[in-house]
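Let's take a walk through this structure together, from the overall fold down to single residues. Please keep the model open beside the text.

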Amino acid sequence: RTVYVNGEYLPETEAKVSIFDRAFLMADGVYEVTSVLGGKLIDFDGHARRLQRSLGELEMQSPVTTEELLEIHRELVRVNEVDEGMIYLQITRGAPDDRDFVFPDPETTAPTIVLFTQSKPGLADSPKAKEGMKVISIEDQRWSRRDIKTVQLLYPSMGKMMAKKAGKDDAWMVEDGSVTEGTSNNAYIVKGDTIVTRGLSNDILHGITRAAVLRFAEEAQMKVEERPFTIEEAQGADEAFITSASTFVMPVVEIDGVALGDGTPGPRAARLREIYLEESRKTAI
Ligand code: PLP
């Protein structure tokens, strides 16, 4: 696989980042994951905008323009012949001469930028979409700026392991009694024709897929309520699902051992997945 590091396209075995890189020492970096369908990028503009916002919140600069970023994404898809999959992008505050809590001077320490592709043939046709996911609930113990997409992913990774050890697929995180989001996705329940999902704040990542799916839901005459919900309310809902760039819309069929409805994916989640894939392919670049 060819990867991109600080201006160069290299074989992955030759790509190097300093041990003083602040992402390695302090998780001082931000990232984006953009999906690829039919060799094209889904929602590139949304990801590029969120990246700028994450960088801005952390007083970091992008080493490349959005146009250059698009070019790099496209070149990696081309050379690695990605048909379905993802592109991972990470920008860090760079590698100063020594470890220090104080941010290095951006004049002397350039950011580090890394991109690589992940080929996932069959991503759009995942069997999980037909089967549905089983989730557990866990306490949300992340920091309180979840709106910034940083590489501090230890707690979400631990949550995923808790789910795996329990024989389930993922964990929904709960704070002050209501669901924030999944370990790497936004969480939704469906009651009748109404889709309920937590509103945007610093409590959750502002999902690019979330924005698209809520728009498609309204266009498909479903109602959208942006408000917190509890695990108990979710267990009593007609359906549930998650969204993310790497899973699109994925039905949830069980929460903490309680099956939703008849325990199979619901029609609205299935419909939204269909619309999302169809519409995203149309606007992919
Ligand atoms: N919430 C969290 C915590 C995430 O890590 C992600 C994606 O990685 C999402 C939500 C979904 O965001 P998007 O739809 O932009 O992939």
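First, a word on how to read it. This is a predicted model, so to speak of a local feature a pLDDT of at least 70 is needed, and side-chain atom pairs count only at pLDDT 80 or more, while totals for chains, interfaces and linings use all residues. Residues are numbered from 1 along each chain, as its sequence is written.

Let's start with the chain as a whole. It holds eight helices and 15 strands; these are DSSP runs numbered from the N terminus, with helices being H or I of at least four residues and strands being E of at least two. The C-alpha atoms fill a box of roughly 55 × 40 × 35 Å along the principal axes. For 285 residues, a compact globule would have a radius of gyration near 19 Å, and the chain agrees with its 19 Å. That radius is taken over C-alpha atoms, and the globule rule is 2.2 Å times the number of residues to the power 0.38. Of the 285 residues, 39% are buried. Here a residue is buried if 20 or more other C-beta atoms lie within 10 Å of its own, exposed if 12 or fewer do, and partly exposed in between, with C-beta atoms placed from the backbone. Among contacts between residues at least 6 apart in sequence, 72% join residues at least 24 apart; a contact means that the two C-beta atoms, placed from the backbone, lie within 7 Å.

Now for the domains. Domain 1 covers 2–121 and domain 2 covers 128–283, with bounds that come from an automatic or database domain assignment. Their C-alpha centres lie 26 Å apart. Where they meet, 21 residues of domain 1 are in contact with 13 residues of domain 2. On the domain 1 side, the elements that give two or more residues are strand S3 (29–37), helix H2 (44–57) and strand S5 (85–92). S3 gives the most, with eight residues. By class, this side of domain 1 has nine nonpolar, eight polar and four charged residues. In this scheme Ala, Val, Leu, Ile, Met, Phe, Trp, Tyr, Cys and Pro are nonpolar, Asp, Glu, Lys and Arg are charged, and the others, Gly among them, are polar.

S3 and S5 also belong to an open sheet of six strands, in the order S2-S1-S6-S5-S3-S4 with antiparallel pairing. At its edges are S2 (8–11) and S4 (40–41), each pairing on one side only. Two strands are said to pair if DSSP finds at least two bridges between them. S5 and S6 (residues 112–119) run antiparallel and are joined by eight bridges, and Thr92 has Thr112 in S6 as its bridge partner.

Another strand worth a visit is S13 (239–244). A hairpin of three residues leads from S13 to S14.

S13 takes us on to the ligand. Of the 13 residues around the ligand, Leu205, Gly207, Ile208, Thr209 and Ala245 come nearest; a residue is near if its C-beta atom, placed from the backbone, lies within 6 Å. Helix H6 (208–219) and S13 are the elements that give two or more residues to this shell. The largest share, three residues, comes from H6. By class, the shell divides into four nonpolar, seven polar and two charged residues.

Finally, look at two backbone details. Gln221 has a positive phi of about 65 degrees although it is not a glycine. Gln221 sits in the loop between H6 and strand S12 (223–226), and it counts as exposed because it has 7 C-beta neighbours inside 10 Å. Phe248 is not a glycine either, yet has a positive phi of about 60 degrees. Is Phe248 buried or exposed? Phe248, placed in strand S14 (residues 248–255), is buried, with 25 other C-beta atoms within 10 Å.
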